[in-house]
Amino acid sequence: MDTTTSAKIPSLHHQTEINWDNLDKTKLYVVGAGMFSGVTVALYPVSVIKTRMQVATGEAMRRNALATFKNILKVDGVPGLYRGFGTVITGAIPARIIFLTALETTKAASLKLVEPLKLSEPIQAFFANGLGGLSASLCSQAVVVPIDVVSQKLMVQGYSGHVRYKGGLDVAQKIIKADGIRGLYRGFGLSVMTYAPSSFVWWASYGSSQRIIWSAHDRWNDKESSPSQLTIVGVQATGGIIAGAVTSCVTTPLDTIKTRLQVNQNKPKAWGVARRLFAEDGWKGLYRGLGPRVFSSSAWGTSMIVCYEYLKRLCAKVEEA
């Protein structure tokens, strides 16, 4: 939920807000690292399934998400659903610290810029949250892209002809030996093109949808009464689901191309990958893995935002009397 809104917002929404300046940052980062790691453990298999579907060739292209899931279990067992997990969880902690700091500071600054325009609350939230998400994504890509490159190679190793590795360090060493540090940033431009707009759309959709939901809640209920914890979580979860679904539909084609670029040993160009996908399966080729991506984005986004909002309440500084 947007934490930087002015006093003009609906009263119920105002009661659920915690300003970034009123948070214990150290506690937020430490507790948050453990909390978000738990969410990653739960949802990581969906990312593996999505990635497998996006790089599939031949007969594997015809497998849906359930068939892909069964194939992974049959060939590799449960560990197959967590290939690359160690790399992701190690890099995710600094990436999230960078992301959350950039997100909240930019949201606060953006809201001050749009307030004089006298826009409606959903529109203000759309721009302030969206710009915050955009800034956060751009700042964190320096850490996220190498993690993606290494983890995705581990996810697809031995699958559809892809090379096998001994672990994340082995992947990184071989990439650097072959292509230098630049190899760890393969697809960086496309990642920025994918995740920066994706982050903008997600946070903008989340912020504006919440304003609309709270406004509707105000019309149907007593504005003076405090919303229950269940109501707060329900609004946040609904906003996360809406944001995840909208974002997935907008960004899946770029994500599919980016994944193929990052796992392909032949160093193809983005346009060449797009043409091949289109030739193989038409427009559907660009939306491979859409189902898992919608589920993953909505489930991850909902879990993440509910945990994050709870974390902010947990880490709020106690005002002295």
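These legends accompany close-up views of a predicted model.

**View A. Asp-76 pairs with Arg-52.** Here the two side chains meet in a salt bridge, with 3.6 Å from N to O. Asp-76 sits in helix 3 (residues 65–76) and Arg-52 in helix 2 (residues 25–55), so this contact ties together parts that are 24 residues apart in sequence.

View B. Arg-83 has a relative accessible area of 12%, so it counts as buried, the cut-off being under 20%.

**View C. Lys-312 meets Glu-104.** The closest N and O atoms of this salt bridge are 3.6 Å apart. The pair links distant parts of the chain, with Lys-312 in helix 11 (residues 290–314) and Glu-104 in helix 4 (residues 85–114), 208 residues apart. Both Lys-312 and Glu-104 are buried. Widen the view to include Lys-107 and Glu-309 as well: salt bridges with shared partners join these two, Glu-104 and Lys-312 into one network. In the whole model, the count comes to seven salt bridges.

**View D. A nonpolar patch lies on the surface.** Leu-117, Leu-119, Ile-123, Phe-127 and Leu-131 make up this patch, and together they have about 400 Å² of accessible area. One of them, Leu-131, belongs to helix 5 (residues 121–156). Leu-131 is partly exposed, with a relative accessible area of 35%.

Terms used. Residues are numbered from 1 along each chain as its sequence is written. This is a predicted model: local features need pLDDT of at least 70, side-chain atom pairs count only at pLDDT 80 or more; totals for chains, interfaces and linings use all residues. Side-chain values use heavy atoms; hydrogens and water are left out. Patches are made of residues with over 30% relative accessible area and no salt bridge: like charges are joined within 9 Å, nonpolar side chains (Val, Leu, Ile, Met, Phe, Trp, Tyr) within 5 Å. Accessible areas come from the Shrake-Rupley method with a 1.4 Å probe; for residues, only the protein chains shown count as cover. A salt bridge is a side-chain nitrogen of Lys or Arg within 4 Å of a carboxyl oxygen of Asp or Glu. Helices (H or I, at least four residues) and strands (E, at least two) are DSSP runs, numbered from the N terminus. Buried means under 20% relative accessible area, exposed over 50%, partly exposed in between (1.4 Å probe, protein chains only).
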